[in-house]
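Please read it with the coordinates open.

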Number of protein chains: 2
Amino acid sequence: MSAAHLGTVATAGATIWLTGLSGAGKSTISEALIVRLREAGHRVDILDGDEVRQVLTADLGFSREDRITNVRRIGYVAEVVARNGVLALVPVIAPYAEARDSVRERHEKAGTPFVLIHVATSVEVCAERDVKGLYAKQKAGLMSGLTGVDDPYEDPTNADLRLDTAGRTLDESVDAVWAVLSARGLV
Amino acid sequence: MSAAHLGTVATAGATIWLTGLSGAGKSTISEALIVRLREAGHRVDILDGDEVRQVLTADLGFSREDRITNVRRIGYVAEVVARNGVLALVPVIAPYAEARDSVRERHEKAGTPFVLIHVATSVEVCAERDVKGLYAKQKAGLMSGLTGVDDPYEDPTNADLRLDTAGRTLDESVDAVWAVLSARGLV
C-alpha cells in the first residue's frame, strides 16, 4: 500500500501502537482513524503484522522470546517512519510489557512521540466476535498459543488510553483515540 | 537521529542504496548527499548498518544467508520510509546480487522507486584508506570474512551508476549521484 501524500500539513510524527487481543478492534479502529487523519491532512502509514511478517519477522514463531523480538523489530520500523514526520499506526497484539516498554524507551530516547492505546475489549467479547475464527479453533483443540486464552497477555499499566470497544460505536472509539492524540499535540 | 523536516517540498520518496566494499565511500557520499538534499528541501533519512544492527538484525551473523536476510530487512524498512515520501539513503555493503534484486523487486512491485549506486572503489584503494582498520586486521589474521578480500562481493550488473571514487573529489562523486537522481525525476 502506498502512503505517500503530497501537500500534507506539516506535523511531527509519532508511533501510535494499538495493543490488545485478537478481535479486540485494533485494525478496525486503525483503519477508521487513518481515514480521519488523512482527511485532516496528516501523513499516515500502517504497519500491520501480516505485511511485516513477509520479510521482517519471517524467522519468528510464537514463543515469549520470539513475540518480544517481533514487537521490537516492528517498533524499530515504526520509530524510523515516525521520526520522518509520519503518524505510524501499529495494530499489533504486543502481549508482553517488556517488549512494549522497550519500544517506548527507544522512542523516548530519540525524542519521538509514542502513544500506547490499549484496546481492552474483554476476551469474552473477542471470542464472540471471533473475526479470524481463532477462538473457535483453539476451543476445538486445533491450535494453541492464543493470546488471552492459553497464552499470556499482560495488561498495560502505562497506556495512554484504555478503550473497551464493547458498547461503543466505531466512531466513538475513534473519537476517544483522537482525543488522546489531540491532548498530545499530534493532531 | 531525527530526520523530520517541516515545510519541506513535496516529492516522491525513493530508496537510494549505495553498495560497495568497506571504505569505498558509501557513508561519506551519503552524508554529503544528505546535506545537499536537505538544502534543496527534500525529506531525507539514512539507514546505516550500525543503527539497524541494534534491534533489527541483532540476531544475524556474516554467513551468506545472514547477509542476505540483513539486506532484505533493511530493504523493507527503506521501502516503508520511501513510500512515505522520504528519500531513504542506505549505505550498506549488500554483497549478494540475490538480496539486492529481492529488495529491488519488492520496491518495483509496490511502485516505490529504487536506485542502486555501486560505489565501485577498488579493493586496493579501500585497503589503503582502511577507515575502520579492517583490512589490516584481516591481513594480520585477526579477522576473516572481509567482503572483497576473503568473502564474496558480487559486482552489480544492474546498477543505476557505477562510481569509482578514486581520483574524484567528494563533490564530484555527489554530483554523479545527483545526476542519476535528477534523471529519475527524484530531485
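## Helices α3 and α4 of chain B

α3(B) passes α4(B) in a right-handed crossing. A crossing is right-handed if the near helix is turned clockwise from the far one by less than a right angle, and left-handed if anticlockwise. The model is predicted: local features need pLDDT of at least 70, side-chain atom pairs count only at pLDDT 80 or more, and totals for chains, interfaces and linings use all residues. Residues are numbered from 1 along each chain as its sequence is written, with chains lettered from A and ligands numbered from 1 in the order in which they are written.

Helix α3 of chain B spans residues 64–82, and helix α4 of chain B spans residues 97–110. Helices are DSSP runs (H or I, at least four residues), numbered from the N terminus. The two pack at an angle of about 25°, with their axes 8 Å apart. Axes are lines fitted to C-alpha atoms over the stretch in contact, and angles run from 0 to 180 degrees between N-to-C directions. α3(B) and α4(B) are therefore roughly parallel (angles under 35 degrees; 65 to 115 is roughly perpendicular). From α3(B), the contact uses I68(B), V71(B), R72(B), G75(B) and E79(B). Residues from α4(B) include E98(B), R100(B), V103(B) and A110(B). Contact means C-beta atoms, placed from the backbone, within 7 Å.

## Helices α1 and α7 of chain B

Helix α1 (residues 26–39) of chain B packs on helix α7 (residues 170–183) of chain B at about 70°, axes 10 Å apart. α1(B) and α7(B) are therefore roughly perpendicular to each other. α1(B) passes α7(B) in a right-handed crossing. T28(B), I29(B), A32(B), L33(B) and R36(B) of α1(B) meet L170(B), S173(B), V174(B), V177(B) and W178(B) of α7(B).

## S30(B)

S30(B) sits in helix α1 of chain B. With 24 C-beta neighbours inside 10 Å, S30(B) counts as buried (20 or more other C-beta atoms within 10 Å). Leaving aside neighbours within four places in sequence, S30(B) contacts L18(B), I46(B), L89(B) and P91(B). S30(B) and P91(B) are 61 residues apart in sequence, yet 6.8 Å apart in space, C-alpha to C-alpha.

## Nonpolar core

The largest nonpolar core has 93 residues. Such a core is a set of buried Ala, Val, Leu, Ile, Met, Phe, Trp, Tyr and Cys residues joined through C-beta atoms within 7 Å. Among those with the most contacts inside it are V77(A), V77(B) and I117(B). Not counting residues up to four places away in sequence, I117(B) touches residues including I16(B), W17(B), L161(B) and V177(B).

Technical notes
Angles under 35 degrees count as roughly parallel, over 145 as roughly antiparallel, 65 to 115 as roughly perpendicular and the rest as oblique. Two residues are in contact if their C-beta atoms, placed from the backbone, lie within 7 Å. A residue is buried if 20 or more other C-beta atoms lie within 10 Å of its own, exposed if 12 or fewer, and partly exposed in between; C-beta atoms are placed from the backbone.
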